[in-house]
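Please look over the sequence and the structure shown below. The paragraphs that follow go through them part by part.

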Amino acid sequence: MACHEIAALRLGLMNVLGIDDPGERAHELAELGPAAAEPGPVSAMLRAGDLRNLSRLFEGSLAELQEKVAKTPPGDAKLPYMRSLLILTKQVELDLRAQVDGLARLYRELEEMHDFVHEIYPAEQSESAESAESAEQAE
C-alpha cells in the first residue's frame, strides 16, 4: 500500500535530515512490516544518503504502486482506497520535488551572493580590512 511509500519516505528523510527519534523510527518500521526488508525502492529509501536519491527512489516506488493499482480488478473493494493513495503520493512527490529544487536553487544562489560580495569588496580590500582588524586586536 501507499502507506509503505510514505513510511519509507519519512524514514529516508529522517536519515537525510539527521532526525534521531527512535519512537518515530519504530512506528514507521512497524508500518512497513516485512516490506522494509523486501528488495525494491521502498526498502532502498530507508538507506538513502541524499535528497536527490531519496526523491528518485520515491518516484520509483510510485511507479510500482501505479502498476499495482492498474492490475487491481475493477470490483476490488480496495480500489477506491488505492486510487486515493495515488493522489496523495502524487502530491507528496510534487512537494518533495519542489523542496529539493528549492534547496538546489538556494545552493546556487549562495554562490551568486558570495560572488556579489566580492564584487562589492574585492579580495584585496577585504584582505586589507582583515589585516587592519587583526592589527587592532593585537594592540
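Helices (H or I, at least four residues) and strands (E, at least two) are DSSP runs, numbered from the N terminus. The model is a predicted one, in which local features need pLDDT of at least 70, side-chain atom pairs count only at pLDDT 80 or more, and totals for chains, interfaces and linings use all residues. Residues are numbered from 1 along each chain as its sequence is written, and side-chain values use heavy atoms, with hydrogens and water left out.

The protein has six helices and zero strands. Buried residues (under 20% relative accessible area; exposed is over 50%, and partly exposed is in between, with a 1.4 Å probe and protein chains only) make up 27% of the 139 residues. Accessible areas come from the Shrake-Rupley method with a 1.4 Å probe, and for residues only the protein chains shown count as cover. The protein exposes about 9400 Å², of which carbon and sulfur atoms supply 57%. A contact means heavy atoms within 4.5 Å. Among contacts with a separation of 6 or more, 61% are between residues 24 or more positions apart.

Which residues touch the most other members of the largest nonpolar core? A nonpolar core is a set of buried Ala, Val, Leu, Ile, Met, Phe, Trp, Tyr and Cys residues joined through side-chain atoms within 4.5 Å. The largest one has 19 residues, and A8, L9, L32, M45, L46 and F58 touch the most other members. Helices α1 (2-17), α3 (41-45), α4 (51-71) and α5 each supply at least two residues of this core. With neighbours within four places in sequence left aside, A8 is in contact with L32, V42, M45 and L46.

L57, in helix α4, is buried at 10% relative accessibility. Not counting residues up to four places away in sequence, L57 touches P41, A44, M45 and A48. L57 and G12 are 45 residues apart in sequence, and their C-alpha atoms are 9.8 Å apart in space.

S43 is found in helix α3. Is S43 buried or exposed? With 4% relative accessibility, S43 counts as buried. Polar contacts are pairs of N or O atoms within 3.5 Å; within protein, one must be able to donate a hydrogen and the other to accept it, and residues adjacent in sequence count only if both atoms are side-chain atoms. The S43 side chain reaches the backbone oxygen of E38 at 2.5 Å. Residues up to four places away in sequence aside, S43 touches A35, A36 and E38.

Helix α2 covers residues 22-32, and D21 caps its N-terminal end: a side-chain oxygen of D21 lies 3.1 Å from the backbone nitrogen of G23. Just after α2, G33 takes a positive phi of about 60°.

The next topic is charged pairs. A salt bridge is a side-chain nitrogen of Lys or Arg within 4 Å of a carboxyl oxygen of Asp or Glu. Seven salt bridges are found in the whole structure. One of them joins R52 and D101, with the closest N and O atoms 3.7 Å apart. R52 lies in helix α4 and D101 in helix α5, so this pair ties together parts that are 49 residues apart in sequence. R52 is partly exposed at 48% relative accessibility, and D101 is partly exposed at 37%.

K90 forms a salt bridge with E93, the closest N and O atoms being 3.1 Å apart. Because K90 and E93 are three residues apart in helix α5, about one helical turn separates them. K90 is partly exposed at 39% relative accessibility, whereas E93 is buried at 10%. E59, K90, E93 and R97 are linked in a network of salt bridges. A further pair is E109 and R105, whose closest N and O atoms are 3.9 Å apart. Both residues, E109 and R105, lie in helix α5, four residues apart, or about one turn of the helix.

Patches are made of residues with over 30% relative accessible area and no salt bridge; like charges are joined within 9 Å, and nonpolar side chains (Val, Leu, Ile, Met, Phe, Trp, Tyr) within 5 Å. M113, F116, V117, I120 and Y121 make a nonpolar surface patch of about 500 Å². F116 lies in helix α5 (residues 79-120) and is partly exposed, at 41% relative accessibility.
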